[in-house]
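Subject: Structure for you to look at

Hello,

Here is the structure I said I would pass on. My notes on what was found follow below it.

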Amino acid sequence: MVRAHLCQLLLLLLAHNALTLPLAPSTFGRGVPNFPVTSSEEREMFSHLISPGATRAAITHFWSTACGGNTPPWAGANSGSTIYRFYIDNETVPSVELQPRMATGFGFFGDMSVAGETEDDPWAGPWGTEWIGKTSDMDGFYLNIRIPFYRSIRVTAILPPGVPDFEVYSIFRGAENIPVLVGGVELPLNATLILQKRTRIQYNSLDLITIA
């Protein structure tokens, strides 16, 4: 009788542990080559619906190249100007809307030249950190800041008004059942990322700005 009770207790403990163990992470992703973008139509280029049983997911890596027009290649004020919109969990207004050059800290300026023409050209070589940067002396902007979601994510692309149509190359990578940490602190479930931005505004040194 004692042995039978011990067996039942062991089975109950195993069942409890099976229910409470965290789900193993699983990855997803897609490379999107030669995707035609235009200023007249917002077009969906990537989407992901989380798997049954998964509780959370996040985009972990985004990369974009050939994203500023192809004549001349990767040069001029339109380079990196493609507008990417990340719609989280069926939202109608995207929580994250970015242009690769702005999101990775390169910005725009009026006298951009073909990369590498002069020694002081700020785009003459690749630059980056573990979070943001670009991967070549021409283009290839990347973003490794996690974008969490809990049901689905949808990404679209559109060009700013007046930018000629061209094709864009993008990579989206992510994982399900992984935490999102900020400063070593794990964010709770249902935490979201909202991109706050101020574009094409000039500030002086030590100016204070409202971001939220």
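In which segment does I201 lie? I201 is in the segment after β13 (185-186); strands are DSSP runs of E with at least two residues, helices are runs of H or I with at least four, and both are numbered from the N terminus. Please note that this is a predicted model, in which local features need pLDDT of at least 70, side-chain atom pairs count only at pLDDT 80 or more, and totals for chains, interfaces and linings use all residues. Residues are numbered from 1 along each chain as its sequence is written, and side-chain values use heavy atoms, with hydrogens and water left out.

Salt bridges

The whole structure holds 6 salt bridges (a side-chain nitrogen of Lys or Arg within 4 Å of a carboxyl oxygen of Asp or Glu). In one of them, R85 pairs with E42, with the closest N and O atoms 3.1 Å apart. R85 is in strand β4 (residues 83-88) and E42 in the loop between β1 (26-37) and β2 (43-49), so this pair ties together parts 43 residues apart in sequence. R85 is buried at 18% relative accessible area, while E42 is partly exposed at 31% (buried is under 20%, exposed over 50%, partly exposed in between, with a 1.4 Å probe and protein chains only).

R56 and E186 form another salt bridge, at 3.3 Å from N to O. R56 sits in the loop between β2 and β3 (57-65) and E186 in strand β13, so the bridge ties together parts 130 residues apart in sequence.

E97 and K197 also meet in a salt bridge, again 3.3 Å from N to O. E97 is in strand β5 and K197 in the segment after β13, 100 residues apart. Salt bridges with shared partners join E42, R85, E97 and K197 into one network.

Largest pocket

The largest pocket holds about 820 Å³ of space (a pocket is an open set of points on a 1 Å grid over the protein atoms alone, where a 1.4 Å probe fits, with protein on both sides within 12 Å along at least five of seven lines; lining residues have an atom within 4 Å of a point). Its lining has 28 residues, and A103, L143, I145, L193 and L195 lie nearest the centre. β5 gives the most to this lining, with 3 residues.

A175

A175 is in strand β11 (residues 166-176) and is buried, at 9% relative accessible area. The C-alpha atoms of A175 and I50 are 9.3 Å apart, although 125 residues separate the two along the chain.

Regards

Notes: Grid points are joined across faces, edges and corners, and a volume is the space filled by probe spheres set on the points.
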